[in-house]
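Please examine the structure shown below.

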Amino acid sequence: MIALVRYMFTVMVLSQRYLAPLLLFVGLLLVLTSSDSGPLAATYGSAAGSMLVCSVWLTMALVGLEDRPHRSILVVSAGSRLRVLLGTLATAFLLCLVLTAAGLGLPLISGNHSPSAADLLLGTEAQLTCAFVGIAIGLVCSRLVFRRQGYALVLALALLLAVLLAKGVSPVNVLLTDLQNASDSAGLLGSTGVLLAVAAGVLAVGAAAVQAITHRKD
């Protein structure tokens with residue numbers, strides 16, 4: 001599995017398809033948090049929202065690196081489609097971890113804040129929550145499910161709007177609402193941890209659905 005993740009990560013870096021979502025993430029952070037001096041909970045809410053969009057893009061780009069013949073060769077080399085799918089998830093998660101580090105640090109540089117350990121932990125939980133949901137959307141809307149990427153793009157945009165606007169249902173909506181209205185990061189750590197677990201469940205369901213769809217296609 002480590003060799004598979006290393007291969008996917010290397011191909012992604014060499015393809016430079018990570019650059020566009022990375023630049024979008026950094027650009028959104030700088031626009032939304034520049035000269036900000038408010039509570040870090042709200043600031044990291046902006047970082048989490050940016051992570052949601054960029055994790056979808058990164059995942060779709062990662063899955064789309066190889067066409068069907070090359071992916072079939074990769075499946076044979078890895079031993080199963082499930083291993084390749086898990087390797088894709090792990091690689092997407094690593095890429096999102098890089099963005100998470102940027103999401104924690106850039107607001108501190110562009111704004112005026114004195115972060116505490118609770119602030120940093122909350123920012124990490126928030127961004128990973130959105131990353132898990134974004135990776136799930138990216139998988140469902142990837143070439144593994146849709147051959148025509150126009151349809152996949154429309155569905156991805158619809159799902160993004162759904163998770164952002166579904167009040168009280170989507171972990172992303174609940175998270176961003178809590179962060180926007182919070183003044184104390186420590187008080188949100190527990191509830192955000194629960195939302196992170198829910199988002200991990202969403203990712204598991206999305207991965208299982210994609211695995212079942214690709215199995216039926218074969």
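**Questions on the predicted model**

Q: Where is the place of Met 1 relative to helix H1 (2-15)?
A: The structure is a predicted model. Helix H1 covers residues 2-15, and Met 1 belongs to the segment before helix H1.

Q: Is Met 1 buried, partly exposed or exposed?
A: Buried means under 20% relative accessible area and exposed means over 50%, with partly exposed in between. Met 1 has 37% relative accessibility, so Met 1 counts as partly exposed.

Q: What is the accessible area of the nonpolar surface patch that includes Met 1?
A: Met 1 forms this patch on the surface with Leu 82 and Leu 86. Together, the accessible area of Met 1, Leu 82 and Leu 86 is about 240 Å².

Q: Which residue in the loop between H1 and helix H2 (19-33) is Gln 16's phi value to be compared with, and what is that phi?A: Gln 16 lies in the loop between H1 and helix H2. Most residues other than glycine have a negative phi. Gln 16, a residue other than glycine, has a positive phi, near 65 degrees.

Q: How far apart are the C-alpha atoms of Leu 94 and Asn 112?
A: Leu 94 is found in helix H5, residues 81-110. Along the chain, Leu 94 and Asn 112 are 18 residues apart, and their C-alpha atoms are separated by 29 Å.

Q: Within what arc do the buried residues of H7 fall?
A: The buried residues in H7 include Ala 152, Ala 156, Leu 160 and Val 163. Seen down the axis of H7, the buried residues line one face of the helix, because they fall within an arc of 75 degrees.

Q: Which helices do the buried residues of H7 pack against?
A: The face of H7 turned away from its buried side carries the exposed residues Tyr 151, Val 154, Leu 161 and Leu 165. The buried residues of H7 pack against helix H3 (40-63), helix H6 (117-140) and helix H8 (171-181).

Notes:
Residues numbered from 1 in each chain as written. Predicted model: local features only at pLDDT ≥ 70, side-chain atom pairs only at ≥ 80, totals over all residues. Heavy atoms only, no water. Patch = residues over 30% accessible without salt bridge, like charges linked within 9 Å, V, L, I, M, F, W, Y side chains within 5 Å. Areas by Shrake-Rupley, 256 points an atom, 1.4 Å probe, with all protein chains shown as cover. Salt bridge = Lys/Arg side-chain N within 4 Å of Asp/Glu carboxyl O. Helix = DSSP H or I, 4+ residues; strand = E, 2+ residues; numbered from the N terminus. Buried < 20%, exposed > 50% of the residue type's maximum accessible area, 1.4 Å probe, protein only. Arc of directions from axis to C-beta. Contact = heavy atoms within 4.5 Å.
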